[in-house]
Amino acid sequence: MGVGTQRLDFAEFYRRSKDECLFTVLLSVGDRDTAQELVDEAFARAWASWRTVSRHPAPAAWVVRTALNANISRWRRRRREVLVPDLGAVADSPAVAGASDGPVDARIMAALLRLPSRQRQVVALRLVLDLDTARAGEVLGISPSAVKAHLARAIASLRDDLMPERQQERPS
Amino acid sequence: MNDEELITAVREQRSKIHSATSVEQIIGRGRAVRARRRIPGAAAALGVVAGTAVALTALVSGSHPASHQPSARLAAWTVVKHADGDIYVTIRQFRDPAGLQARLRADGVPASVTFTGQRNAACRPYPGTGLIGKVISVRQEGSRPLTIIRPSALPSGAGLQFASSAPRHGTVPGVGVDLVQASPQCTGG
């Protein structure tokens with residue numbers, strides 16, 4: 001594949017995947033600016049290794065995995081230098097930077113960001129990126145059954161959070 | 001709202017978040033990613049020119065002290081400062097890191113250079129990600145990578161760390177460039 005063709009191929013992949021990758025990472029890290037930075041860097045790495053990444057069975061999953069890994073490295077690096085808020089605490093924040101910008105449903109975003117980190121990641125990969133259970137497990141380094149369990153718990157939490165009337169209807 | 005509608009509502013949110021970064025910006029940044037990686041071209045050149053480069057280093061460096069302007073040409077590495085302020089660095093051989101470091105500092109770039117496979121332990125990463133792509137770009141010039149430094153893009157209090165990777169069996173050593181916090185111990189006073 002020539003450089004020009006590679007560039008076109010990558011540009012099409014980027015156009016198709018950038019928003020869903022951004023949203024997936026946003027759900028994981030809880031901060032719009034951080035998510036944007038991580039996703040931009042991950043796509044840049046994808047372009048730098050496009051010959052390899054283009055052959056990956058799910059290039060968008062590669063980008064998300066790279067972004068999440070970079071976030072872990074970033075967190076570890078900064079932890080040695082300055083204190084940073086715990087990601088869970090960030091998710092509990094009522095005003096998560098960028099999450100309520102634009103026409104997103106603030107109630108749904110807030111409920112998603114209240115989920116534990118792992119559940120948010122599973123929701124993002126399964127429902128936003130549409131990865132199957134096995135692929136989502138590969139990205140997160142957990143078993144398919146753990147993916148299913150996290151997703152079930154996440155849906156239950158969202159249901160309770162967003163549909164309290166149904167919770168009240170349940171027999172005690 | 002049942003579970004299916006709930007899942008649909010979650011999925012709908014993804015179409016409401018948009019990345020504003022253009023593909024051109026990503027591709028430009030991808031070049032900086034390559035700059036941070038090992039540069040096999042330098043190692044390939046290393047094997048080819050090692051015999052003559054050592055002699056040239058001794059011969060030429062004597063007539064081109066680090067403070068000489070506008071350029072210092074050494075066989076091991078070359079630093080050229082251009083009129084627009086950009087500095088072009090070509091590393092052919094992992095020799096005389098102190099000379100390269102002094103040359104970059106003389107050209108106004110707070111820098112730490114090590115060719116030992118170890119980074120300068122006094123250097124601390126500069127906070128924030130993605131900034132390196134604004135300061136460093138790399139392009140291939142012949143068989144060797146050319147590193148272009150844009151000093152005007154260096155954030156306040158930042159410097160550059162050039163560090164070779166440790167030579168290991170089965171791998172070729174390269175040079176990584178990172179943004180670090182400028183300090184007397186790391187990048188000089």
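Arg51(A) sits in helix α3 (residues 50–53) of chain A, where helices are DSSP runs of H or I with at least four residues. This is a predicted model, in which local features need pLDDT of at least 70, side-chain atom pairs count only at pLDDT 80 or more, and totals for chains, interfaces and linings use all residues. As for labels, residues are numbered from 1 along each chain as its sequence is written, while chains are lettered from A and ligands numbered from 1 in the order in which they are written.

**Around Arg51(A)**
- Arg51(A) counts as exposed because it has 9 C-beta neighbours inside 10 Å (exposed means 12 or fewer other C-beta atoms within 10 Å, with C-beta atoms placed from the backbone).
- Gln6(A) lies 45 residues from Arg51(A) along the chain, and their C-alpha atoms are 7.9 Å apart.

**Helices α1(A) and α7(A)**
- Helix α1 (residues 3–29) and helix α7 (residues 117–128), both of chain A, pack at about 160° with their axes 8 Å apart.
- That makes the pair roughly antiparallel, a term for angles over 145 degrees.
- On the α1(A) side, the contact is made by Glu20(A), Phe23(A), Thr24(A), Leu27(A) and Ser28(A); residues are in contact if their C-beta atoms, placed from the backbone, lie within 7 Å.
- On the α7(A) side, Arg120(A), Gln121(A), Val123(A), Ala124(A), Leu125(A) and Val128(A) take part.
- These contact residues comprise six nonpolar, three polar and two charged.

**Where chain B meets chain A**
- Here 26 residues of chain B are in contact with 37 residues of chain A.
- Helices α1 (3–13) and α2 (23–36) of chain B each supply at least two residues of the side that touches chain A.

Definitions and conventions: Axes are lines fitted to C-alpha atoms, for helices over the stretch in contact, and angles run from 0 to 180 degrees between N-to-C directions. Angles under 35 degrees count as roughly parallel, over 145 as roughly antiparallel, 65 to 115 as roughly perpendicular and the rest as oblique. Two residues are in contact if their C-beta atoms, placed from the backbone, lie within 7 Å. Ala, Val, Leu, Ile, Met, Phe, Trp, Tyr, Cys and Pro count as nonpolar, Asp, Glu, Lys and Arg as charged, and the others, Gly among them, as polar. A residue is buried if 20 or more other C-beta atoms lie within 10 Å of its own, exposed if 12 or fewer, and partly exposed in between; C-beta atoms are placed from the backbone.
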